[in-house]
Amino acid sequence: MSVHTLTVDGEEVAVPAGATLLDAVRAAGAELPTLCHLDGLTPVGACRLCLVELEGSGKLQPACATAAGEGMAVLTQTPQLQAYRRMAVELFFAEGTHVCAFCVANGNCELQDVAVAVGMDHSRFPYQYPQRRVDASHPHFAIDHHRCILCTRCVRVCDEIEGAHVWDVANRGRECTIITGLDEPWGEVQACTSCGKCVDACPTGAIFRKDDTTAEKQTHRERPQLLRDAREKHQWQNQ
Amino acid sequence: MQLRCCGASGCRSAGAEALRTALLSARDQLGGAAEAVSIKSVGCLRLCGRGPLVALDRPEPSGAEPACRTELYAELRPEQAADLLARATGRGDALAAQRLDSDHPFFALQKSVVLEGCGVVDPESIDDALSHGTYAQLRRVLLDVSPEQVREQVKRSGLRGRGGAGYPTGLKWDTVALQPPGPRYVVCNADEGDPGAFMDRSVLESDPHRLIEGLAIAAYAVGADQGFVYVRAEYPLAVERLRLALRQARSKGLLGAGIAGSGFHLRLEVRVGAGAYVCGEETALLASIQGQRGTPRPRPPFPAQAGLWGAPTLINNVETLASIPVILRQGGDWYAAIGTEGSKGTKVFALSGAVQRTGLVEVPMGTTLRTVVQTIGGGVPGGEGPDGGVKAVQTGGPSGGCIPAHLLDTPVDYESLRALGSMMGSGGLVVMGDSTSMPEVARHFMRFSVNESCGKCVPCRAGTVQLAQMLDRFVERRASLVDLERLEELCRMVGATSLCGLGQAAPNPVLSTLRYFRQEYQAACRDPVQCEPLDACLLKEGTR
Amino acid sequence: MTAPKLRFATVWLAGCSGCHMSFLDLDEWLFELAKHVDIVFSPVASDIKTYPEQVDVCLVEGAVANADNLDLALQLRQRTRLVISFGDCAVTGNVPALRNLWAEVDGGSRQSVLDRGYLELADRGAQHPHAPGIVPELLERVLPLHEVIPVDLFLPGCPPSAERIRACLEPLLRGERPELTGPDLLRFG
Amino acid sequence: MIAPLSAPPSAPSRADLPPEADLPAEAVERTSRLIRQHGSRSDALIEVLHQVQELYGYLPPGALAQVARELKLPLAQVFGVASFYHLFRLGAPTAHRCAVCLGTACFVKGGGELAARLERRLGLRLDDAAGNGTWALEHVSCLGACGQAPVLVVDGHLEPRLPVDDPAALDALLGALGLSANDASDAGTDARADGSGTGAR
């Protein structure tokens, strides 16, 4: 297997061909915030938190969706990147309605975590309080769109891992919303197998089990990768 | 004698169809000499703001040079049909007041390369196109020229992508052609969405066969046997004429299997957009052709490496492809001799806004903005002073910027415009007069971007919304100096971190107006003394 | 020689007072604090009704939701050297600002919340209160403190734990600017 | 009473019926036909949606479900595509529609004022699909008719060079185009032959 050698913040690291810059950053022991990325799902490069700078070109590339190349010099923590990341997190908080105090995911929320990681102690951008829906029509699960950050993990896990493609994104721009079926109540969509993968993949408290209340949401965000390995490499958890 | 009636949508909306009908029936009624007048429907005659336009070709007495004189008439009404026919047959001159001066710089300074068939050929007749030499270059290259030689000519021409970014066309063709063997596609991007741009629409409506020829040559040069023309649905006439032209080309054996007796096959299809500006972005366009949401994806891989269905795909814009037949006919060196060192050939501009003469203008690259806006366009109606009342010229649509009047002597080329914080864009030039408020212009474009953002990445989806709201504060004159600082900060962030060109360029109209008209933003910040309580303290210092 | 005591205030705007309860959870450290500060204004530690002049540090709990909140916020900014947004309501608007979700609804957020509270949920005698000067007028939008006045420090949390409050105040007493980083000191909620 | 051995057959639930059950059979058949003409290829989705919209005037949920089934696409994906593109309508349109161009050239020439005037005149909000019940007013980003700015599209017909600087002439023209509020007290004569744009609320 061929190997690419590159540097991450000056640290030399070797990754197998086909690895992403995110793999390389992790191999170098550096940390990058991510939100839309989830191991085991196709990367989309949408949240822009894992942007890194390629030294020389000055170009910013999403680490999750960029192939690692021989000789690349990757910078992950320039002051500029840190400033941009913080602004991106502020934009996420401002565009939805995120009230950690009574959220099911309080304490187990990736949005809350990245806010800490980027040092966001308040949002300089006014909160928008958009009119969004809550759909509790499913017998076991519910979605509160106020907490949705449009990472599309639910869309991808349902399509790529479960194969049901219950979810998709509707509309565009700030009107974007996650939908089930033909924008029907989730509970009425026959294609849903109630497998709960979307609950596990959701980084926030947007999709949750109905019997969980404040700060009770537990997730298994490692499962998509485990399932993919089992399916494609015939490697099961017990092996 | 021949009357060429513009039938492109600008003149159509001004009543060109009724005029043509009136001309036909007047000819029948008049009979006699009028019967010898042929009435031909053609494409754009350039001065769109004064349609409907008709060109009258009158043969001169034998021996005279030139053998034929052309007169152009503007703003014709159906009831003037008989007068026009009378003039055509040499009787009377009732329409002298509506005759345009063809020596006027608006016409005299134009150089038709891309538009050489516009207003000349009948866009609905392949026979007419053939008689004007269309498809001759396709036939020639298929039989006598290798794909490498074709690409060589395109490289020699120095042609750069006319969609806005200005990537060298020949290099792009090479990249696609030199991918590992396998299927590949060609795509014509006719999703002309920049507000203020109508160059591509005019080519599609006026001379569709030239585009098909250019696209077919491109397919041959890169080894593609399938292609798509992606046209925006807002251009129904263009879609209709393009579809007709494709049917005609297929029936003449100029598309399909074994074109013109060669071994080259090409299947071309039209795909119609459905109202999404972002589909002008290459990767979004490819998603849309495949029937998906028009959301862009990170590059690399570039479409030239992995495009439609994962195959190498060449994407060129209408004007780029329409230049190809001429380049092959005259040679790359001929084309390279036009224009400037870095930007060769001609460029078509759509001139509109606060300007006397609006319409389609093709000039050599390097022509100054002043020539285009003041000499050709005539400046702002009623405008005075050395800059003719021009306050700024907007180029590049929502991705571009506003160039102030004092920089009108800038030559129009890719690098000069970029250096001014604007860009060539697809070619829309919107002139703004003294009364235009620049924060309002910036907000206009930001609202456009809010509307057209696909919503995939957060800087564009949420950042443009915040920027538009900040601009509201300036337009409504309730901003603060903190807002000004934050506006610039967020502009830089959205520009640097957005996923595709739409978001990356969305702050440009703000940044360029901040650069040249900062005082208007500052004037919109309230004087601390006059502030209402909610804003008062914000003026004192930053919150961080 | 001891340094002159800092003039210290705490303010309660639109919030549940949980942040102040958490402040009281500082327990014996409050005695330590008292060595360094004079509490010149506070709903839990002072009877003074008017916000005094020349305050050094002020912890502000709560969002700005009504006319009184607004007046007090503007006043304290003018009279205070260092203003700290104290807890999620002051930092983000949090629960009090949820009525902003009705801002675009017919009637707006103010009317919607009043109707809900005084008419729809009333058991009997449903009517809006009419007592000028007693019930402060609601603002149409509930705002976090920094959208009203400049804020110097942000202390998020619902409520911020006593440890977090101490981590913020201790450096200030030494004349240093606190660096609040990491989940223990920065997490919302 | 003897208990039945098995549960009685229940009435078919709404979910068991094909979703296009309440659409005209002829339109459903034509939809199938046009999908077959596209070789049932899923990449033809946008082309198919254009044609289905021509059939119904908008994209009813039942038709979307039929398209999804016959193109072998997930329902959510079809809805995602249909709702992405602004020219697709997901609800039944009003009887009359007017589009005001807010492209840059039209903006410079007063398109914004024109839109505001039409909002007042028709008593509706821009880009509210429900309009005033008879008319809906939407914005378009640019029609490429910049040489004729400012322009309107009234029921599919492009109206060039609206005289925004001359309110009286503008009002007369808008009235002649049938662009009047349902309320007859609003100024403007209704010269439209079919009398549309008035009354029928």
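Two residues are in contact here if their C-beta atoms, placed from the backbone, lie within 7 Å. By that rule, 15 residues of chain A are in contact with twelve residues of chain D. On the chain A side, the elements giving two or more residues are β8 (167-170) and β9 (177-180), and β8(A) gives the most, with four residues. That side of chain A divides into six nonpolar, five polar and four charged residues. For those classes, Ala, Val, Leu, Ile, Met, Phe, Trp, Tyr, Cys and Pro count as nonpolar, Asp, Glu, Lys and Arg as charged, and the others, Gly among them, as polar. Helices (H or I, at least four residues) and strands (E, at least two) are DSSP runs, numbered from the N terminus.

A word on the model itself: it is predicted, so local features need pLDDT of at least 70 and side-chain atom pairs count only at pLDDT 80 or more, while totals for chains, interfaces and linings use all residues. Residues are numbered from 1 along each chain as its sequence is written, and chains are lettered from A and ligands numbered from 1 in the order in which they are written.

Now for chain C. Its pattern along the sequence is β-α-α-β-β-β-α-β-α-α-β-β-α-α, and some overall values are in the table.

| Property of chain C | Value |
|---|---|
| Helices and strands | seven helices, seven strands |
| Box filled by C-alpha atoms, along the principal axes | roughly 60 × 35 × 30 Å |
| Buried residues | 41% of 189 residues |
| Contacts joining residues at least 24 apart, among those at least 6 apart in sequence | 75% |

Over in chain D, take a look at Leu124(D), which sits in the loop between α6 (111-122) and β2 (135-140). Leu124(D) is buried because 22 other C-beta atoms lie within 10 Å (buried takes 20 or more, exposed 12 or fewer, and partly exposed is in between, with C-beta atoms placed from the backbone). Setting aside neighbours within four places in sequence, the contacts of Leu124(D) include Glu119(D), Gly131(D) and Trp135(D). Leu124(D) and Trp135(D) are eleven residues apart in sequence and 8.2 Å apart in space, C-alpha to C-alpha.
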